[in-house]
Amino acid sequence: MLTLLRALAARSTTFDVAAVAPPAVERALELGLGPVLAHLANSADSRWSLPYVERIRAAELTAHALATATYDSLADALAAARQIQCPVILLKGAATALRYYPSTHLRPMGDIDLLVPADRHAALEEAIRAIKFRQFPIDPAVNYDDHLHSAPFWDPERGVWIEVHTSVFPRDYRLAHDPRFSWAAIADQLTPIAVRDQAAYAMSDELQLVYTSARWSEMFDPHHGVYPILDAALLTHRRRDTLDWQRILAIVRGSWAALPLHLMLWYLNESGLSPIPPDVLHTLGTSHRHLNRRSLRILKRMISMSVLEGEFLKATEPQLRLVWTSLVRPKSLSGYVRSIAHHLTRRGPVPVARLRACL
């Protein structure tokens, strides 16, 4: 799996798809990376000799169709925003796909995330409802009045979901109230981006890297956690000659954001996904004392086995999430032990041998 991700990040033209082991192909298809396999094979003019050829090609064609529908819907929403002069910032998958991936269909998305000023939120919702989008909650249990975005919008013609955000982090995230991630602060660090014949904005490369790392680190996700890693790898590879590392360090200075950024960059460097300047890693590593060499190795093992290889049981996923959260959210060793003990007692018997193997 890492070989596959490295090849995409480095834009390899010599990748041999036939050399990929069947379990890795299965995992790639499971994660939605079938189009990446097809893209690398096409770039290298590689011969198809796998028993998965039809599945990979089907995944590629499906991804192309979904991407076309997604960006058509997004262009419609941006046209509505332009009519009412509402600035729109693309978040997460849409922003990274358009700016860093060789082709947008290689970055799957469950929905499109848009960030707008709080005082223009209601106006934009009214505008996109007026064109064709329908608004209703996906989860009736969610209180959208206390959420980072309102009830999502559905394009019935194309089957695309759009969420309109007024903040970039949920309220229970550590950076939710950090002023450096407010609308005013983000609006000072934007770059224009085109979607079809419409215009929007994305975060600067430096802020995007920090934001991607922070969102990824807040929650352990063995099912979709590979994409933020790939986003960051492609960003740092493609912008390696222009990234302002001093600006990045300034953004996270004195913030918890330094910790997830350190973890992300350390993992990219250790895994050979993207080389990171040693002085940057050193500065980030000395800016906090929470992540040490042992905890970094545990987190890397969790990413490799659970996120990339899928070597986990559903029964252990809650425990893995707890270990992850306890390591990336600063607390004392005694507090960490108490959290583990409380969780294990509350949830009953745990497959300790399996959990130990994953770590």
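Reader: Which helices and strands each supply at least two residues of the lining of the largest pocket?

Author: Bearing in mind that this is a predicted model, the elements that each supply at least two residues of that lining are helix 5 (92-100), strand 5 (160-165), helix 8 (205-218) and helix 9 (226-238).

Reader: And which element gives the largest share of the lining of the largest pocket?

Author: That is helix 8, which contributes 6 residues to the lining of the largest pocket.

Reader: Which residues lie nearest the centre of the largest pocket?

Author: Out of 32 lining residues, those nearest the centre are Lys92, Asp113, Arg215, Asp221 and His224. Taken by class, the lining of the largest pocket has 11 charged, 11 polar and 10 nonpolar residues, and the space in this pocket comes to about 1100 Å³.

Reader: Switching to the second largest pocket, how much space lies in it?

Author: The second largest pocket holds about 400 Å³ of space, and its lining is made up of 25 residues, with Ala63, Leu66, Ala67, Pro108 and Met109 lying nearest the centre. Two or more lining residues come from each of helix 3 (34-44), helix 4 (53-83) and strand 5.

Reader: Which of those gives the most to the lining of the second largest pocket?

Author: Helix 4 does, with 8 residues in the lining of the second largest pocket.

Reader: How do the residues of that lining divide into nonpolar, polar and charged?

Author: For the second largest pocket, the lining has 14 nonpolar residues, alongside 8 polar and 3 charged ones.

Methods: Residues are numbered from 1 along each chain as its sequence is written. This is a predicted model: local features need pLDDT of at least 70, side-chain atom pairs count only at pLDDT 80 or more; totals for chains, interfaces and linings use all residues. Side-chain values use heavy atoms; hydrogens and water are left out. On a 1 Å grid over the protein atoms alone, a cavity is a set of points where a 1.4 Å probe fits but cannot get out, and a pocket is an open set with protein on both sides within 12 Å along at least five of seven lines; lining residues have an atom within 4 Å of a point. Grid points are joined across faces, edges and corners, and a volume is the space filled by probe spheres set on the points. Helices (H or I, at least four residues) and strands (E, at least two) are DSSP runs, numbered from the N terminus. Ala, Val, Leu, Ile, Met, Phe, Trp, Tyr, Cys and Pro count as nonpolar, Asp, Glu, Lys and Arg as charged, and the others, Gly among them, as polar.
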